[in-house]
Amino acid sequence: MYSSSGFEGNLYEFLDQEPQRAPIGVFDSGVGGLTVLRQLYRQLPNESIVYFGDTARLPYGIRSQAEIVQFVREILDWMQQQRVKMVIMACNTSSALALEIVRAEYDIPILGVILPGAKAAVQQGKRIGVIATPATAKSDAYKHAILEINPDVDVWQVGCPEFVPLIEQNRIQDPYTAEVARSYLEPLLQQDIDTLVYGCTHYPLLAPVVRSLLPTQVKIIDPAVHVVTACSQELDLLGLTNTHPPLPTRFAVSGSPQQFAQSGVNWLGHTPIVESVDFANIASH
């Protein structure tokens, strides 16, 4: 069903006896989820991780809800084959458009990034700006989540269609990227925001650019930090926290393994070994 040279055979035969040693699945449309992966390394260093980047089908932010839900089901089916104990949707678009749907369909715990990010934002400020993919912005997922927690705050959202392609093309230092960032942030700065939420896991990779364009008093919320905190609490609650040394992180993509490895080296500090997964023949869940 899947063509993947590195994922043949069951590497986790001991998991029936020790389910806490199972890996956590993390997925995103591309390298953006590496911001969540870095937080997992910092906060939960004993956990083994399987990372999937759906690079053949990015950017997700311009896709329809039906497409996103289908992609997520395919990824979750594959993740279950890898015997993961929990999945983090390290993708705001998926969290906005598919999380509630697939949570009702799968037995495995699935965490999204929006609610942890919204909670953190409300704790920090009253005038909150959200930069996100067009699909996430259009869904109003952050606005709804923030106002549900505190209806007395103000929320503004901006869709940023060019950010993910620029990051995936490794053009963060490109002067054009700073121009684009300035145009996206301008309407939020006009509203005198006190807090900015990265509404896409790719966006922390733009931190030097974004920070340079914001007044120093504006606080930045990276939901990656907070979803991993939520993950830690959930693992404790379920008795699934791993206390053994972790297995090496496994990386897989639907597109070019070489391209992902090349982009990933900047954020990981080493060149990852990346496998290829083919969803072409997969049956829906």
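Reply: Helices (H or I, at least four residues) and strands (E, at least two) are DSSP runs, numbered from the N terminus. This is a predicted model: local features need pLDDT of at least 70, side-chain atom pairs count only at pLDDT 80 or more, and totals for chains, interfaces and linings use all residues. Residues are numbered from 1 along each chain as its sequence is written, and side-chain values use heavy atoms, with hydrogens and water left out.

Me: How many helices and strands does the protein have?
Reply: Count the DSSP runs of each kind. The secondary structure comes to 12 helices and 10 strands.

Me: What is the radius of gyration of the protein?
Reply: The radius is taken over C-alpha atoms, and the globule rule is 2.2 Å times the number of residues to the power 0.38. For 285 residues, a compact globule would have a value near 19 Å. The protein agrees with that, at 18 Å.

Me: What share of the residues counts as buried?
Reply: Buried means under 20% relative accessible area, exposed over 50%, partly exposed in between (1.4 Å probe, protein chains only). Of the 285 residues, the buried share is 54%.

Me: Among contacts between residues at least 6 apart in sequence, what share joins residues at least 24 apart?
Reply: Contact means heavy atoms within 4.5 Å. Among the contacts you describe, the share is 76%.

Me: How many disulfides does the structure hold?
Reply: A disulfide is a pair of cysteine sulfur atoms within 2.5 Å. For Cys160, which is in no disulfide, the nearest cysteine sulfur is that of Cys200, 8.8 Å away. Cys231 is in no disulfide either; the nearest sulfur, that of Cys91, is 17 Å away. The number of disulfides is zero.

Me: Is Cys231 buried or exposed?
Reply: Look at the relative accessible area of Cys231, which is 0%. Therefore Cys231 counts as buried.

Me: Which residues does Phe71 touch, not counting those up to four places away in sequence?
Reply: Phe71 is found in helix H2, residues 65-81. Phe71 counts as buried because its relative accessibility is 9%. Beyond those sequence neighbours, Phe71 touches Asp54, Arg57, Tyr60 and Arg63.

Me: What separates the C-alpha atoms of Phe71 and Tyr176?
Reply: Along the chain, Phe71 and Tyr176 are 105 residues apart. Their C-alpha atoms are separated by 31 Å.
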